[in-house]
Amino acid sequence: MATDFPAEIRALRSTLDSIEAVIDPAALREKIADLSSKASAPDLWDDPESAQQVTSQLSAAQSELERLAKLNARIDDLETLVELATEEDDADSAAEAETELGAVRKAMGELEVRTLLSGEYDQREAVVTIRSGAGGVDAADFAEMLMRMYLRWAERHGYPTKVLDTSYAEEAGLKSATFEVKVPYAYGNLSVEAGTHRLVRISPFDNQGRRQTSFAAVEVIPLIEQTDHIDVPESDIRVDVFRSSGPGGQSVNTTDSAVRITHLPTGLVVSMQDEKSQIQNRAAAMRVLQSRLLVLRQQQEDAKKKELAGDIKASWGDQMRSYVLHPYQMVKDLRTDYEVGNPMAVFDGDIDGFIEAGIRWRRGQENGTA
C-alpha cells in the first residue's frame with residue numbers, strides 16, 4: 001500500500017506541536033538570551049567552574065532550539081518533495097520522500113524522548129561509576145569495555161567528559177572507574193543505564209577457550225550543585241591521602257596527591273586521583289560524595305513515599321542488560337526487551353536505542369502503564 005504522505009505529515013506536525021508545548025521555544029529563547037549575557041561578561045572565567053556551566057548550558061539550549069527549527073524545516077521540505085513527486089508522477093522523488101519520512105520520524109522520536117526527562121535531577125550533568133563484579137579478570141575487562149562504551153557514546157554526541165578516578169585490576173581491565181559527563185540532561189539520559197550488566201563470551205583470558213559469564217555494575221548520579229545544600233560535617237568524614245597509580249601499579253606521580261574520603265555515617269567511599277594537587281582531588285571527591293548523599297537522600301524519601309502509599313512493586317532487577325558474544329551475537333535489555341544483533345557497534349558507543357527505550361520504559365513504570 002502506498003504511503004499516505006498527507007496523513008503522515010499531519011501526524012509529524014501534531015507530534016512536533018506536542019514537543020514544542022513541553023520544550024517551550026519562547027522560554028528557551030529567553031534562557032539563551034540570559035545565558036548569552038552571562039557568557040559575555042568580562043569576568044566570566046574568573047570562576048572557571050561556573051563559566052563552564054554557563055557555556056555548557058548555553059550550548060545545550062542553542063542546540064535544542066536549533067533541533068526544533070531544523071525539524072520544522074525538514075517537515076516543510078518533505079511536504080514540498082511530496083508535492084513535486086505527486087505533480088510530476090516522479091518515482092525517484094517519491095522514494096526520496098519515503099526515505100526522508102523515516103529519517104524525520106526517527107529524529108522526532110529522539111526529540112520526543114527529551115520531553116520525558118522531567119525528573120527532579122534529570123537536567124543535571126552526570127557522574128558515572130563502573131565497578132567490576134563476579135567473573136574475575138573477565139569482569140575487570142568488561143568494566144573497561146563499558147567505560148569505553150560510555151565515553152565513545154559521549155564522544156559521538158560531542159559531550160565533554162572528565163575521568164575522575166580509575167582503579168586498575170592486576171591482570172587486565174578495571175576494578176572501578178568514575179567519570180563525569182558534563183552536559184545538561186546527561187543524568188536524565190544515563191540514569192536508565194544504572195544497574196548490573198552481564199557479559200557472555202569465550203574468555204580471552206582462558207587458555208582452554210571456555211565460555212565465561214561476568215558482571216559489572218553501573219552507578220549513575222546527578223552532579224551536585226551549590227544550591228543543593230548537602231551539609232557534610234568534617235567530623236563525619238575520614239580523609240586518606242596516597243600516591244596516584246596507573247596500570248600495573250606504575251606510579252603516576254611521586255607525591256601523595258590522591259585522596260580517599262570515607263563518609264563514616266553511611267560507609268560511602270570516594271577516591272579521586274585525576275587532578276595534580278591534593279586540594280583539587282579533595283574538592284572533586286567531596287563533590288562526588290555530596291552527589292551520592294543527594295541520591296541517598298532522594299532514595300530514602302522515595303522509599304518513605306512508597307511505604308506510605310503501600311507500593312510494594314519491586315525495583316529493577318539485579319541484571320538489566322545482557323551482552324552475548326557467544327554462542328550468538330546479541331545485546332538485550334531485560335527491562336524493555338529492546339535488543340540489537342551487533343554487540344561491537346554497541347561497545348563502540350551506539351547505545352541511543354537502549355537509552356531511548358529505557359526512558360520510555362521508565363515513564364511507563366511511573367505512569368503504571370508498563
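**Reading helices, strands and cores**

Author: Let's start here: helix α2 passes helix α3 in a left-handed crossing. This is a predicted model, so local features need pLDDT of at least 70 and side-chain atom pairs count only at pLDDT 80 or more, while totals for chains, interfaces and linings use all residues. Residues are numbered from 1 along each chain as its sequence is written, and side-chain values use heavy atoms, with hydrogens and water left out.

Reader: What does left-handed mean for a crossing, and at roughly what angle do α2 and α3 cross?

Author: A crossing is left-handed if the near helix is turned anticlockwise from the far one by less than a right angle, and right-handed if clockwise. Helices (H or I, at least four residues) and strands (E, at least two) are DSSP runs, numbered from the N terminus. Axes are lines fitted to C-alpha atoms, for helices over the stretch in contact, and angles run from 0 to 180 degrees between N-to-C directions. Here, the axes of α2 (residues 25-39) and α3 (residues 48-88) come within 9 Å and cross at roughly 150 degrees. Contact means heavy atoms within 4.5 Å; among the residues that meet are L28, I32 and L35 of α2, with V54, L58 and L65 among those of α3.

Reader: Now strands. Which strands does β1 join, and is β1 largely enclosed or open?

Author: Strands of a sheet pair through backbone hydrogen bonds, either parallel or antiparallel. Two strands count as paired if DSSP finds at least two bridges between them. Strand β1 (residues 126-132) runs antiparallel to β3 (residues 174-181), with 6 bridges, and antiparallel to β5 (residues 211-222), with 7 bridges. For instance, R131 has S176 of β3 as its bridge partner, and S132 has A216 of β5. Buried means under 20% relative accessible area, exposed over 50%, and partly exposed in between (1.4 Å probe, protein chains only). Because 5 of its 7 residues are buried, β1 is largely enclosed by the rest of the structure.

Reader: What is the strand order in the open sheet, and which strands stand at its edges?

Author: The order is β6-β7-β8, with antiparallel pairing. At the edges stand β6 (237-242) and β8 (268-272); each has a single partner strand, so one side of each is left without a neighbour in the sheet. Neighbouring strands are turned by 15 degrees against each other on average, direction ignored. Between β7 (residues 258-263) and β8 there are 5 bridges, and T262 has V269 of β8 as its bridge partner.

Reader: How many residues are in the largest nonpolar core?

Author: In soluble globular proteins, nonpolar side chains tend to be buried together. A nonpolar core is a set of buried Ala, Val, Leu, Ile, Met, Phe, Trp, Tyr and Cys residues joined through side-chain atoms within 4.5 Å. The largest one has 60 residues, and L146 and Y323 are among those with the most contacts inside it. Helix α5 (residues 136-157) gives the most to this core, with 9 residues. Apart from this core lies another, of 27 residues, including F5 and A107.

Reader: Let me try one residue. Is H197 buried or exposed, and what does H197 touch?

Author: H197, in strand β4 (residues 195-202), counts as buried, at 0% relative accessibility. Leaving out residues up to four places away in sequence, H197 touches residues including L146, Y150 and Y323. A polar atom of the H197 side chain also lies 2.9 Å from the backbone oxygen of E193.

Terms used. A polar contact is a pair of N or O atoms within 3.5 Å; within protein, one must be able to donate a hydrogen and the other to accept it, and residues adjacent in sequence count only if both atoms are side-chain atoms.
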